Amino acid sequence: MTDFDTRIDGGAVVIRPVGRLDMVAAPVFRSLVDQTVAAGNVQVVLDFSATEFIDSSGLGAVVGGLKAARQVGGDLRIACVSGTVWTVFTLTTLDKVFRAYPSVEEALGAPG
Amino acid sequence: MPRAEASTGELAADNAVLDAVHAALRALWAAASEVDAGDRALFEIAVAEVAANIVQHGGGAAVVVLDLAADGEVLEARFRDTGAGMEPAVLAAAELPDVDLEAGRGLAMAKAALDELHYERLSDGNQWTLRRIRRA
């Protein structure tokens, strides 16, 4: 079972999936982003530091979350991406869409 | 290196398959510790995508089994399941969608991560064969 640690840091919501962001966890993540954005928190940082794996469903949910945030003038940034998770971004060319920030702090501090 | 093997055994084809698939991969790497991290990552991605495809689009598969093997040259996986399966042309046609789409990447990712990906309908189910030649 994948857990999602969520905290508010500055003006952004930081979501940290713990475990696998796969076809089981992806709908949970997607609705979490939708709720966050609907509550007015349009700046979202996805902290991958505790995410051991992502599959195509998880990746689709990240793309959907980015679109949901941008539709209301916000953004979804990714941080602490490594190993197999980053391999999935490069394999699908989504490394051209997302800039991977080395830390949550840098994702929060980067200009919009 | 000697040939290393791991298997899930027969599983009910539901979401819990993914736990068993990742556990079998961990067992394979424990027995084949010299396999490079890059080869592992791409092979894991492909195996997980095929497993997810069987659970989600396998035509009501009831039982699935995954057998894994690694040697000095190649990483191999074989899935067999009891579902009605899918149209084989789906695999041939699979390609990555535009980057802003939220679905439709699974089999294209598996193809991109492997050297060979075969799907066959059998009389009593389906068989997938995955092969990645080790780069390192």
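Biologist: Which residues line the second largest pocket?

Modeller: This is a predicted model, in which local features need pLDDT of at least 70 and side-chain atom pairs count only at pLDDT 80 or more, while totals for chains, interfaces and linings use all residues. Residues are numbered from 1 along each chain as its sequence is written, chains are lettered from A and ligands numbered from 1 in the order in which they are written, and side-chain values use heavy atoms, with hydrogens and water left out. On a 1 Å grid over the protein atoms alone, a pocket is an open set of points with protein on both sides within 12 Å along at least five of seven lines, and a lining residue has an atom within 4 Å of a point. The lining consists of M1(A), T2(A), V18(A), G19(A), R20(A), D22(A), V24(A), E52(A), N15(B), A16(B), L18(B) and D19(B).

Biologist: Which element gives the most to the lining of the second largest pocket?

Modeller: Elements are DSSP runs numbered from the N terminus, with helices (H or I) of at least four residues and strands (E) of at least two. Two or more lining residues come from β2 (12-21) of chain A and from α1 (17-31) of chain B. With three residues, the largest contribution is that of β2(A).

Biologist: What volume does the largest pocket have?

Modeller: Grid points are joined across faces, edges and corners, and a volume is the space filled by probe spheres set on the points. The second largest pocket holds about 180 Å³. For the largest pocket the value is about 350 Å³.

Biologist: Which residues lie closest to the centre of the largest pocket?

Modeller: Elements with at least two residues in its lining are α2 (56-71) of chain A plus α2 (37-57) and α4 (106-113) of chain B, and α2(B) gives the most, five. Of the 17 lining residues, the closest to the centre are S56(A), H57(B), G104(B), R105(B) and G106(B).

Biologist: Which element gives the most to the lining of the largest cavity?

Modeller: A cavity is a set of points where a 1.4 Å probe fits but cannot get out, and there is one of 30 Å³ or more. With three, the most comes from α2(B).

Biologist: Which residues touch the most other members of the largest nonpolar core?

Modeller: A nonpolar core is a set of buried Ala, Val, Leu, Ile, Met, Phe, Trp, Tyr and Cys residues joined through side-chain atoms within 4.5 Å. Buried means under 20% relative accessible area, exposed over 50% and partly exposed in between, with a 1.4 Å probe and protein chains only. Of the 75 residues in the largest core, those touching the most other members are F79(B) and W128(B).

Biologist: Which elements do the buried residues of α3(A) pack against?

Modeller: Helix α3 of chain A spans residues 83-91, and its buried residues are T84(A), V85(A), V88(A), F89(A) and L91(A). Packing rests on contact, defined as heavy atoms within 4.5 Å. The partners are β4 (51-54), α2 and β5 (75-79) of chain A, and α2 and α4 of chain B.

Biologist: Is C80(A) buried or partly exposed?

Modeller: C80(A) sits in the loop between β5 and α3 of chain A, and has a positive phi of about 60° although it is not a glycine. Because its relative accessibility is 23%, C80(A) counts as partly exposed.
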